[in-house]
Amino acid sequence: MWSFCLHRSNLLSSKFSSRLTRKCSGSIKVRLNKAEKSEQTYPNDSDELYRYLDEKIKEMRPIKMQSNLSHQKPSPIQSLQILERIETYKKPGSVFLNYCLGKIDIDLLSFPFLLKSRKEFLTMYEQYEMVRNTWNQIKKDDDTLHLLRYDRLYELSISEMMMIFEAMGASVEKNLPFGIIEDDEARSEKRMSKSFNYNQSTSKDTEESAFRSFSDIRESIRRIVPIIEKNAIIHYALKKSPNENLKSILESKAKIAFAYDEDYSDRIDVSVNGWRSEAKLNRIDNCWVISGEKNSILENDYSHYMIFCKTNDFVDVQTSNRLNNDVGAVAVLVPADSLQIEPDGLDYFGLQRQKIRFNLLQLDRNEYEVINASKNIFDFNNTKGCGMLATSAVILGLLKQLQRNTYANLVNNRIGMTNCEIVQYKLFQTTCKIYSIESMLYLTAAMFDSFERGIDIGSESIATKTLTIEYAFDIITELRSLFGARYPFSSLAYDLIFYLDSFLDSTFNNRLLLAKNCARHYTNFEEILLPNNLNFYIKWPIYSLKNHLKQRKLRKYETKLTREITKYIHHNMHSACDWIEHSVNLAQFSIYYLKNLHKEEILERQADLNRLVTIMMDIHLMISCLSRANHSLCYGFRNNHTEKELCLAICKEIYLKHLDLFESIDKRAMVDNDEFSRNVFETNLTEHGYFPKLFQI
C-alpha cells in the first residue's frame with residue numbers, strides 16, 4: 001500500500017561491526033579495516049581495548065550515532081520532503097465505521113514506509129531531540145517562532161508534524177516536578193541521569209517549585225494550543241480549500257482564531273446536527289448569511305476568525321448517498337472587525353477566553369468560504385481530526401518522557417524494586433499503552449498523507465484522541481505510584497491532560513458522537529446487507545427472524561473465522577489476526593443484536609452503544625499494533641521479537657476484554673449494573689446528592 005515507512009526503531013548499522021574481527025591467543029589482534037595491510041597488537045586488557053575500539057568506531061562512522069543532543073542549539077524546522085514521494089490512493093467513506101459491518105481494510109495492515117534511508121531517520125531523530133531540548137529555552141514571541149518555522153509546520157507532512165508536536169509534549173515534562181531533569185547521558189557507559197532530591201530542599205523551595213511549575217504549564221498551554229490550531233487545523237483547512245482567493249493568507253502573518261466551540265451546558269450532542277450556529281445561502285448575491293455565537297477562544301489580537309456553521313442550503317445538488325450526513329457544514333473566514341467580541345471569563349489555568357457573536361452577517365462565497373457546504377462532511381471531520389491527532393501527539397511525548405524518567409528513578413534510587421514482579425507488570429502495562437497510542441497515532445497520520453480527498457478519517461482521529469486521554473490517566477497513575485510521596489505535585493500532569501481533553505470536545509462527548517455515528521452508519525446499510533459472520537447476503541423478510549435466532553444460539557467462542565487477513569501477516573502474528581477477526585465479528589453481531597432489540601430507540605441506549613464503541617476503537621488499536629509489529633518482523637528491525645510479544649499481549653488482553661463487553665451487550669449473563677445505576681442515580685438526584693442517611697431512625 002504505502003511505498004515508504006516511518007519506523008522509529010533505533011537500528012544499529014551492521015556494516016561497521018563487520019569490519020572488526022578479534023583473535024585471542026595471548027594477545028589480541030584487531031583489524032580495523034580490510035583495506036589496511038598492517039595489523040596492530042595490543043595487550044590483553046579488555047577495558048583498554050574496548051575503549052580503543054569505541055574511539056575507532058566513532059572515527060569510521062560517516063554518520064554520528066550519538067551527538068551531544070542535550071546541548072543543541074535551536075535551529076529552524078526542516079522538512080524531509082516526504083509528501084513529494086508518497087503515492088496517494090482514493091478510498092471513499094470511513095474505514096473505522098465499516099468495522100460494525102464486519103469489514104477490515106487490508107490496506108491498513110501495511111504500516112507506512114515514509115523514510116527511505118537511515119540518514120533520514122537520524123535527521124528526523126536529531127530534529128526531534130532538538131525540539132525536545134530547546135523548546136523550553138526559546139522565546140515564544142511571533143518573530144522567534146517564525147524564524148524557527150514553528151508557524152509553518154503545515155508545510156510538513158502530517159507524520160512529520162506529529163513528530164514535532166510529540167517533541168513539544170516531551171519538553172513539557174521539564175516544567176513538571178514529576179520525574180527527573182536529564183543530564184547529558186553517556187550511553188557507552190550505560191549510566192542514566194540523576195533524579196531530583198527534594199530532601200535537600202526546604203519546604204519553601206518546594207512550594208516555590210510548585211507555583212513555578214503551574215506557571216510554566218500555563219505558559220506551555222498558551223503557546224502550544226495556538227500552534228496546534230494554526231498548523232493542524234486552520235492552515236490544514238486552507239490548504240485543502242478549493243477557494244484560490246484564500247491561498248494568499250497562507251503566506252501572510254495573519255493571526256487566525258479557531259472558532260468551533262459552542263455552549264454545550266444543556267446538551268451532550270456535539271455533532272454538526274446539534275450546532276446552534278447556522279448559515280443560510282443567499283443565491284441571488286452568492287453569499288452566506290451566518291448567525292450564532294462561538295466561545296472558549298483563547299484571547300489574542302486576531303485578524304480573522306475561522307467559523308464553522310451548520311447549513312441546509314447547498315450550492316450543488318446533493319445526490320443520494322448513504323454516507324451523507326443529515327445536515328451539512330460550512331467554514332468561513334471572517335474579519336475580526338465584522339464580529340462582536342466579548343470576554344468569556346477565565347479557564348482553570350487562568351487563561352483569558354473570548355466569545356464572538358454574529359447575527360445575519362453576509363459573507364461573499366468567493367472571498368470568505370473555506371469549506372464548501374455539503375452533506376458529505378468529510379472535509380470538516382478531517383480538519384477537526386488533524387487537530388485531534390496533534391493533541392494526541394503532545395500527550396504521547398509527555399507520557400514517553402515520564403516513563404523514561406521513571407526507569408531512571410528506579411535505576412538510580414530504587415534498584416531493588418526492579419526485581420519486584422508487581423513493578424515489572426506496572427511498567428509492562430504502561431509500555432503496552434504507550435506503544436498502542438504511538439501505533440494508532442502514526443498509522444492515522446499516514447492515512448492523512450496517503451489517501452486523497454474523499455476519505456473520512458475523522459472517526460479514526462476521535463478514537464486516537466479518546467484512547468490517548470483515557471490511557472494517559474492510567475499511565476500517569478501507574479508511574480506516579482512508583483515514586484511514592486517524593487514528588488507531591490504530579491496533579492499538574494492530570495490538569496494538563498484534563499485541559500487537552502476539553503480541546504476539540506471531551507472524551508465523554510466524543511464517545512457518544514462515535515456511538516451515534518456507528519448506529520447511523522449501520523442503519524444506512526441495514527436494508528442492503530445482513531450480517532452473517534463476515535459473509536453478507538440480501539435481506540429478505542422471511543430470513544430475518546430465522547437468522548436472528550441462529551445468531552442468538554451462536555456462541556462467541558464458536559464464531560467461524562475466514563482467516564483472510566493472515567495472508568498478509570507474518571506467520572508469528574496469526575494469533576493476533578484471529579483475535580482481531582473475533583473482535584470484528586463481536587462488534588458486527590453486537591450492533592445487529594442491539595438494532596433488532598431496541599429498534600428505533602437504539603440511539604437512546606447509550607450504555608450499550610458505549611460498549612460497542614469501545615470494541616470498535618480497540619479494533620482500530622489492535623490493527624495499528626499488528627500492522628506495526630508485522631512490519632518490524634518482516635524487515636528484521638532491532639528488538640522485533642520483543643515488539644511481536646508486545647503486540648500479542650495487547651491483542652490478547654483486548655480480546656478478553658471484548659468477551660466481557662459482549663456479555664454485557666448480550667444481556668444473557670449478570671455482568672453489568674445498568675438497571676441498578678439508573679435507580680441509584682434517580683434517587684440521588686431527588687435527594688440532591690448522596691441519599692443514604694447514616695443511623696437513620
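This is a predicted model: local features need pLDDT of at least 70, side-chain atom pairs count only at pLDDT 80 or more; totals for chains, interfaces and linings use all residues.
In what follows, Ala, Val, Leu, Ile, Met, Phe, Trp, Tyr, Cys and Pro count as nonpolar, Asp, Glu, Lys and Arg as charged, and the others, Gly among them, as polar.

**Second largest pocket**
- The second largest pocket holds about 620 Å³ of space, and its lining is made up of 23 residues, among which D142, R223, P226, K255 and N300 lie nearest the centre.
- By class, the lining of this pocket comprises 10 charged, 9 nonpolar and 4 polar residues.
- Helices α4 (142-147) and α6 (203-240) each contribute at least two residues to that lining, and the most comes from α6, which gives 7 residues.

**Packing of α5 with α10**
- Helix α5 (residues 158-172) packs with helix α10 (residues 421-450) at an angle of about 145 degrees, and the axes of the two helices are 8 Å apart.
- On the α5 side the contact is made by I158, S159, M162, M163 and E166, while α10 brings L441, Y442, A445, A446, F448 and D449.
- The residues of this contact divide into 8 nonpolar, 2 charged and 1 polar.

**Surroundings of N509**
- N509 lies in helix α13 (residues 507-526), and because its relative accessible area is 14%, under the 20% cut-off, N509 counts as buried.
- The side chain of N509 is joined to that of S506 by a polar contact of 2.7 Å.
- When neighbours within four places in sequence are left aside, N509 is in contact with I268 and V270.

How values were computed. Residues are numbered from 1 along each chain as its sequence is written. Side-chain values use heavy atoms; hydrogens and water are left out. Helices (H or I, at least four residues) and strands (E, at least two) are DSSP runs, numbered from the N terminus. Buried means under 20% relative accessible area, exposed over 50%, partly exposed in between (1.4 Å probe, protein chains only). A polar contact is a pair of N or O atoms within 3.5 Å; within protein, one must be able to donate a hydrogen and the other to accept it, and residues adjacent in sequence count only if both atoms are side-chain atoms. Contact means heavy atoms within 4.5 Å. Axes are lines fitted to C-alpha atoms, for helices over the stretch in contact, and angles run from 0 to 180 degrees between N-to-C directions. On a 1 Å grid over the protein atoms alone, a cavity is a set of points where a 1.4 Å probe fits but cannot get out, and a pocket is an open set with protein on both sides within 12 Å along at least five of seven lines; lining residues have an atom within 4 Å of a point. Grid points are joined across faces, edges and corners, and a volume is the space filled by probe spheres set on the points.
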